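Let's take a walk through a protein model together.

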Amino acid sequence: MGAASPQPPAWLTLDADSTPEPAGVPVPGPATRTRAALHETLAEALPLPDWYGRNWDALADALVDRIDSGPLTLVVRDAANLLADEPPAQLGTLLDVLGAAAAGGHATLRVVLREHPEQLPALRARVAAALGAPDPA
């Protein structure tokens, strides 16, 4: 068996559905399978301002503005669906945007990716790959 995957950044938690759900803004993973669907889902869930252009730069700006008003926790349910219909680099871009917002905000950003326990290892591997971690195999 390979070495354990590196830990995700402090702002990101991968969580099994078997634990109590943390408080936060729920984001339904099945509604985020594409980039366009992700942007629409986040625009509704947060809600994001009218000027939000539904692209990565606009998301970065809108998240920083939202975090400046107070802590934000996003809870993505069934997170294996997150950008599942997009090329793998898109998940990396999303995680880069979230990481930059977490690093640059005046308050805290926390992202919880929740998945069924049996699917959590695959999600961990996908996230590690998106973050640029070497393949542990």
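What you see is a predicted model, where local features need pLDDT of at least 70 and side-chain atom pairs count only at pLDDT 80 or more, while totals for chains, interfaces and linings use all residues. Residues are numbered from 1 along each chain as its sequence is written, and side-chain values use heavy atoms, with hydrogens and water left out.

Start with the sheet. It is an open one of four strands, in the order β1-β4-β3-β2, with parallel pairing; two strands count as a pair if DSSP finds at least two bridges between them. At the edges stand β1 and β2, each with a single partner strand, so one side of each has no neighbour in the sheet. From one strand to the next, the twist averages 25°. For angles, axes are lines fitted to C-alpha atoms (for helices, over the stretch in contact), and the angles run from 0 to 180 degrees between N-to-C directions.

Now cross the sheet pair by pair. β1 and β4 run parallel and share five bridges; here Asp15 has Arg114 in β4 as its bridge partner. Finally, β2 and β3 pair in the parallel sense over four bridges, with Val25 partnered by Leu74 in β3.

How enclosed are these strands? Six of the seven residues of β4 are buried, so β4 is largely enclosed by the rest of the structure. "Buried" means under 20% relative accessible area, "exposed" means over 50%, and "partly exposed" is in between (1.4 Å probe, protein chains only). Strand β2, residues 25-28, has a covered face with Val25 and Val27, and an uncovered one with Pro26 and Pro28.

(The expected span is 1.5 Å times one less than the number of residues.) Its buried residues are Gln90, Leu91, Gly92, Leu94, Leu95, Val97, Leu98, Gly99 and Ala101. What covers them includes β1, α1, α2, β3, β4 and α4. Pick out Leu94: leaving aside residues up to four places away in sequence, Leu94 touches Leu38, Trp56, Leu59, Leu82 and Leu83. Touching, or contact, means heavy atoms within 4.5 Å.

Which residues have the most contacts inside the largest nonpolar core? They are Leu59, Leu94, Leu98 and Leu113, in a core of 38 residues. β1, β2, α1, α2, β3, α3, β4 and α4 each supply at least two residues of this core. By definition, a nonpolar core is a set of buried Ala, Val, Leu, Ile, Met, Phe, Trp, Tyr and Cys residues joined through side-chain atoms within 4.5 Å. In soluble globular proteins, nonpolar side chains tend to be buried together.

Helix α4 lies across β1 and β4, running at about 165° to β1. Its buried residues are Leu120, Leu123, Val127, Ala128 and Ala130. Seen down the axis of α4, they fall within an arc of 160°, so they line one face of the helix; the arc is that of the directions from the helix axis to the C-beta atoms. On the other side of α4, Pro121, Ala122 and Ala129 are exposed. Covering the buried residues of α4 are, among others, β1, α3 and β4. One of those buried residues is Leu123, at 3% relative accessibility. Leu123 touches Leu14, Ala79, Ala80, Leu113 and Glu115, not counting residues up to four places away in sequence. After α4 comes Gly132, whose phi is positive, near 85°.

Last stop: two loops. Thr32 lies between β2 and α1, and at 0% relative accessibility Thr32 counts as buried. Ala107 sits in the loop between α3 and β4. Ala107 and Ile67 are 40 residues apart in sequence, and their C-alpha atoms are 5.6 Å apart in space.
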